[in-house]
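My notebook is open and I want to see how this protein is put together. I'll jot things down as I look them up.

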Amino acid sequence: MNLRQTIIATCIKLGPLVLGGSVALALLSSALEGEGQAADTLGLGLGTVERFATQGDTALHCKDFTTSWSPKIGRCIAAAKSTKLDDIVLWLGNSQLHGLNQPEEGETTAIPHLYKALKAKGSGLLTLSQPNANFQEHYMLFEAVRQELPMQLLVLPAVFDDTREDGIRNELLGGLHNSDVQNAVSQTSWGREAVAAYLATQRKEGETTQEASDRSDMAALDETVQEHTERALNTWLEEQVDLWAMRPSFRGRFYHTLYLARNTLLGISASTKRPAIRAHYQRNMEALQRALQEAATHDIPVLLYIAPIRSDVELPYYPNEYAQFKEDVEALAIEHGAHFLNLETLVPGDLWGMTAPTRLGGSPEYDFMHFRAEGHRLLADTLFAEIENHRLLARGVGASPMYAE
Amino acid sequence: MIFNSVTFLVFLLLVVVLYWVLPQRARLWMVFLSSITFYGFWRVEFVPVMLASAITDFYVAQKIDASSTQRRKTRLLLVSLFVNLGLLAYFKYLLFFASNVVSVAAMLGVEIDPITWNIILPLGISFYTFQTISYSVDVYRGFIKPEHDFVLYGCYVTFFPQLVAGPVLRAREVIPQLVQRSAFSLDNLAIGGRRILYGLFLKVVFADNIAPFVDDGFAAPVAALSALDVWTLAFLFGLQIYFDFSAYSHIALGAARLMGITFPENFNFPYSATSPRDFWKRWHISLSSWIRDYLYLPLTGAQVHDRSTGGLATATRAVAASKTTQALFLTWAIMGLWHGANWTFVLWGVYHAVFIYAYRAITPYTKTLPQLIQRWGGWLLTLPIVMLSWIFFRADSVEASLAMYHKLLIPDAYPFFGLSSNTYIVAALLMFATLVGYVLHSRLIPWLQQKARPLYFCAETVVFTVAIALVFIFLRPIQQFIYFQF
């Protein structure tokens, strides 16, 4: 074969691979510019922002243990301890608590309102919320905070949508550092999975915290020699090649695009009725039951409420399933002596926001979860009124032995 | 060392370059030492275990060949079997057998303290012990002469592309290619590169993304699942294990091909099979042919062929049907147990034995049907039966497996969805994609290659663009290969 023939043969044989690789890297490089928002805030809706309340330097409302851009729970617990108050109200929830739709200057979420009202009564307020938080996470956090602070009241929203979620997210596994909390959640299968996941993320000798939390991407290499070389190579690549460092972002955008494509092909929108996922529902109701049981055992009153939902349009749930959910929650509340409240129609339609299109090329859609400042005010006032009218703060002590100094 | 990692890609590049620049002897040493290094990247303390198996059979084979009496040859072969199966028995089955003894004793009212040792299963032990056993047996049968060059033999046993999860290779398939290095060719480079890309794509894009759905489904309480969910999980895990395992084989074949070494195919679109025999000629072909030649046929007493195309063929007329049936069930129970130390794997094997037995029984009656019906009817029956077998393979316990199978028999258990909607969507899409892939591979691609080369070139470029972009994004060792646990 002469040179020309050799070159042609090479192009034909290796051309698609080389060309394909070049085009792929070029496309990814061009996509570097359009980096999207963080995954958490994608679900917040149009014009909805995250607000985690503070009182001066004191954190009142926190998100998780590890995310670098949001308030860490440790801060909130330390802040609550520093108040030296004997009575702390713990409010757990999902993004409804930290999502504020179309905020104007000075407007806040429900937390500062309730905080002020409770402070006047000599009680503190600690609020923890995560996007799509489920009852398994609420139960674990309840146990974790109970070990640290004298809890006087637990305020817990019941959100049907969140019963579709399952498991405890990585960012909350830090709550399992206490062996009593581990023992408590290990009574369930999902709890044992979470404890195993927590133990797997524990820092090994010589490892930084960041390296420990990054280890999930190299789970298959745990305790092998390759773990070290892979980490070194990845670190070097991330420092030298922007594209490599942006891979987590690309993965997030890929999944989001798949999500939009799925919705487009199947005609799914924010208003589409979503069925309960039985297995997840059962595990979440089991977690709710455990939380109520433990609260009753430790004489901690619980204010359990059906969370507000946009009610002036058709709900994205099957009516029979949603009705069953409310019945199940109320039944558990009655069984375990919790105070039950249905607030689903509390916030009027005009105070709710819209969410970004969930289809390719679609229009903004109804946001069933996040409302404006006035809605937050309503929520805080209603909860406080309930607490006052039923003297929920007067029941039980719930002092944590660890708090006694 | 795990394939879906930057470390492996760097390692492979170095080894391939050295393979083509080093002279013969240095090249063999490089292959041997790099293979040991590859294995040591997992846990260096288990390298001696692998070498113990290799060294045993190296010397046993030479002694067998030098022996003058059949009796001595047999005794020496038994030494090989004792060492290799002994390693398997200790590392893989000791705790399983011990726990069964404790359970049986407890049923009889006798209390025995369970063994609480932490025995780590050496990576690839089920594969390399089978490989060394096959070497000794082939020498014993007179099919091959023993190798006197330990480095060359060591390259065969430890050759890194196939060391951890196959294909299970015979000595005659690899050693001649190591001795006589083929000329460097762009064809091998192109084919090897394609196979590696294809394998990485199947693993990091498909298999690793299916895993959370499968894990979620099998972790759910069986009471919360519908019969439809059981079907979905069976198909979904069937797809996951196919993508995962065939991915490993593609990368192994590709890596070897970069060095001009050709391995036999290990998968051939198994979910297009039209019968259980056809399935086992398409799934993990190297293992099924190994089992046939070294276990099944000897158990039937039939004459062993010195070549095998995989799968379990019907016995020759010289063998009694009852013996064939016994051999069938025993072989498959052992095949199941080889996959894992759990009764669920044994039941998986027996499930396939029942399937094969039933197929053999009805074949005389179906042979007269039109070819079209045999083919399509066979496929429509074989696919769901094969997929359902994966329930035993993946479920945590016999009880959970049986509970899931029981669901399928309850009509009321059908009409609800217990899993997230994405689970069903992913299962349906990937099953469709697998079947489309088969049609493309068997019909469209050969046609394009023959009749429309420029179009084929463009189409391939587009496909590789997407594949490389996705592999780039998803390449991370987040999940081990499923067959690593065997």
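I started with the sheet in chain A: six strands make an open sheet, with parallel pairing, in the order 4-7-5-8-9-10. Strand 4 and strand 10 (339-342) of chain A are the edge strands, since each pairs on one side only. I'm keeping in mind that this is a predicted model.

Next I checked one pairing inside the sheet. Strand 5 (residues 88-93) and strand 8 (residues 151-158) of chain A run parallel and share four bridges. Val89(A) has Leu153(A) in strand 8 as its bridge partner.

Cys62(A) and Cys76(A) form a disulfide, with their sulfur atoms 1.9 Å apart. The link is right-handed, with 90 degrees about the S-S bond. Cys62(A) sits in strand 4 (residues 61-62) of chain A and Cys76(A) in helix 3 (residues 73-82) of chain A, so the pair ties together parts 14 residues apart in sequence. Are these two cysteines buried or exposed? Both Cys62(A) and Cys76(A) are buried.

Last, I looked up Cys11(A), which is in no disulfide: the nearest cysteine sulfur belongs to Cys458(B), 13 Å away. Cys11(A) is partly exposed, at 44% relative accessibility. Cys458(B) is in no disulfide and is partly exposed, at 45%.

Terms used:
Residues numbered from 1 in each chain as written. Chains lettered and ligands numbered in written order. Predicted model: local features only at pLDDT ≥ 70, side-chain atom pairs only at ≥ 80, totals over all residues. Heavy atoms only, no water. Disulfide = S-S within 2.5 Å. Helix = DSSP H or I, 4+ residues; strand = E, 2+ residues; numbered from the N terminus. Buried < 20%, exposed > 50% of the residue type's maximum accessible area, 1.4 Å probe, protein only. Pairing = 2+ DSSP bridges.
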